[in-house]
Amino acid sequence: MPTPPDTSKTLKLERYNNYLRKIHSTKLITASSKLLFRATLLIALILILFFTINYPPLSDTPHHVPPHHRLHHHSLLSTSLFSAGGGAAWEKQVRLSSTPRRTNGFSVLVTGAAGFVGSHCSLALKKRGDGVLGLDNFNNYYDPSLKRARQNLLSKHQVFIVKGDLNDGPLLTKLFDVVPFTHVLHLAAQAGVRYAMQNPQSYISSNIAGFVNLLEVAKAANPQPSIVWASSSSVYGLNTENPFSERDRTDQPASLYAATKKAGEEIAHTYNHIYGLSLTGLRFFTVYGPWGRPDMAYFFFTKDILQGKSIDIYKTHDQKEVARDFTYIDDVVKGCLGALDTAEKSTGSGGKKKGAAQLRVYNLGNTSPVPVGRLVSILEGLLSTKAKKHVITMPRNGDVPFTHANVTLAFKDFGYKPTTDLSTGLRKFVKWYISYYGIQSKTRKESQATGESG
């Protein structure tokens, strides 16, 4: 019988090959698992980073905060990252804008510089040789394109506006580190009486928290600046004394806006008392004029009259005409500069008070209240268009029926004397409005039509 072939070597070799294949397969699976784990971890980290940057934490943004405030939270992050760390070129712009050109000139931080009063004051300060740096968050309470247009106007006069928010502490600290400001003209605020019923949190954020944040940075600055800031005639609230005097009571606000401005006056008193900050509050009375605010009656009346829309004219509950102490922008600017010029130096250093510091409050008004019906009549004449009037009873939305400023104190301390009557001021406003919005007046159209037919 033939001897059977020896297969033991073949079987051993096959078992060895199977063993190698198992080891190789195990290594491959292990390597794949590690790669998959690392890829998953990387993707998870990217997603966490994305959501952290783009969405504020739930604890910082309660559900009751409006959506645009959540966006605002994100904008603060952007401001701190990109504005405060703007680099050498950014710092050079800040310093250049802030450096005065006249001997003993001021170096002024103007908050709300792209706003109505802020842009006019910035321009006036720069023209007389002071250094001016603007700060504005360019929010969308009204059309931001108007704020950008004011910014463009200021940039032509070498005024640089930093985009940033009062509640951005690192940014404010950076600005005070770069520039030893002699003065702050604090005009940034959430304005408007009626809007407070829709978005009350914005008033607390801007008018109280923002003001406190500014004062916190100013108190720690060395040197401490002198501060002039915008209060409001609204603080007189339900006061029935006439005309309104700085000595009158201001503890009966009729709106949340008024309450935040009154709170600002009390906060100013506290920081003056504890830290020696020199503080001057200015109670503005219905400021109007070119480059004004679209939410003001004279502005949207002009727009609606030209568009043929009806306008609401308020009567009081006892059927009296609502009247306002309309104050032209140039007069208010003179008052702001007068307050800055007579502001004494702060007495604190390194956040500690060294002596008594100046604390003042003034009315800046026109001293001659005008019924809103008269305002409309003047606009009708200037626009050569009859208004479609809708007379209604004033709603209980925080507006007061009457304002009238006593400006004796401001005249005595820095020569404040308003010189522009309502007709003159409105004529200048309408001229600007028609030019800015490229509107052809009815009178011009009629004259062109007559010329063409002749």
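The structure, a predicted model, holds one cavity of 30 Å³ or more. A cavity here is a set of points, on a 1 Å grid over the protein atoms alone, where a 1.4 Å probe fits but cannot get out. About 60 Å³ of space lies in the largest cavity, where a volume is the space filled by probe spheres set on the grid points, which are joined across faces, edges and corners. Its lining consists of residues with an atom within 4 Å of a point, namely H186, A188, A189, S206, N207, F211, W229, A230, T260 and K261. Two or more of these lining residues come from each of α7 (200–220), β5 and α8, and α7 gives the largest share, three residues. Helices (H or I, at least four residues) and strands (E, at least two) are DSSP runs, numbered from the N terminus. By residue type, the lining divides into five nonpolar, four polar and one charged; Ala, Val, Leu, Ile, Met, Phe, Trp, Tyr, Cys and Pro count as nonpolar, Asp, Glu, Lys and Arg as charged, and the others, Gly among them, as polar.

Strands β5 (residues 226–232) and β6 pair in the parallel sense over six bridges, pairing being assigned if DSSP finds at least two bridges between two strands. Within this pair, S231 stands opposite R283 in β6.

How enclosed is β6 (residues 279–284)? Six of its six residues are buried, so the strand is largely enclosed by the rest of the structure. Buried means under 20% relative accessible area, exposed over 50%, and partly exposed in between (1.4 Å probe, protein chains only). In a regular strand the side chains alternate between the two faces of the sheet. In β6, L279, G281 and R283 point one way, while T280, L282 and F284 point the other way.

Turning to charged side chains, the structure holds 13 salt bridges, each a side-chain nitrogen of Lys or Arg within 4 Å of a carboxyl oxygen of Asp or Glu. E91 takes part in a salt bridge with R95 (3.4 Å, N to O). These two residues lie four residues apart in helix α3 (residues 87–98), so about one helical turn separates them. E91 is buried at 19% relative accessible area, whereas R95 is partly exposed at 41%. A salt bridge also joins E91 to K174, with the closest N and O atoms 2.9 Å apart. This pair links distant parts of the chain, as K174 belongs to helix α6 (residues 169–178) and E91 to helix α3, 83 residues apart. K174 is partly exposed, at 24%.

Elsewhere, D413 and K412 meet in a salt bridge (3.2 Å, N to O). D413 is partly exposed at 32%, and K412 is exposed at 61%. Finally, R102, R128, D130 and D341 are linked in a network of salt bridges.

Residues are numbered from 1 along each chain as its sequence is written, and side-chain values use heavy atoms, with hydrogens and water left out. In this predicted model, local features need pLDDT of at least 70 and side-chain atom pairs count only at pLDDT 80 or more, while totals for chains, interfaces and linings use all residues.

Methods
On a 1 Å grid over the protein atoms alone, a cavity is a set of points where a 1.4 Å probe fits but cannot get out, and a pocket is an open set with protein on both sides within 12 Å along at least five of seven lines; lining residues have an atom within 4 Å of a point.
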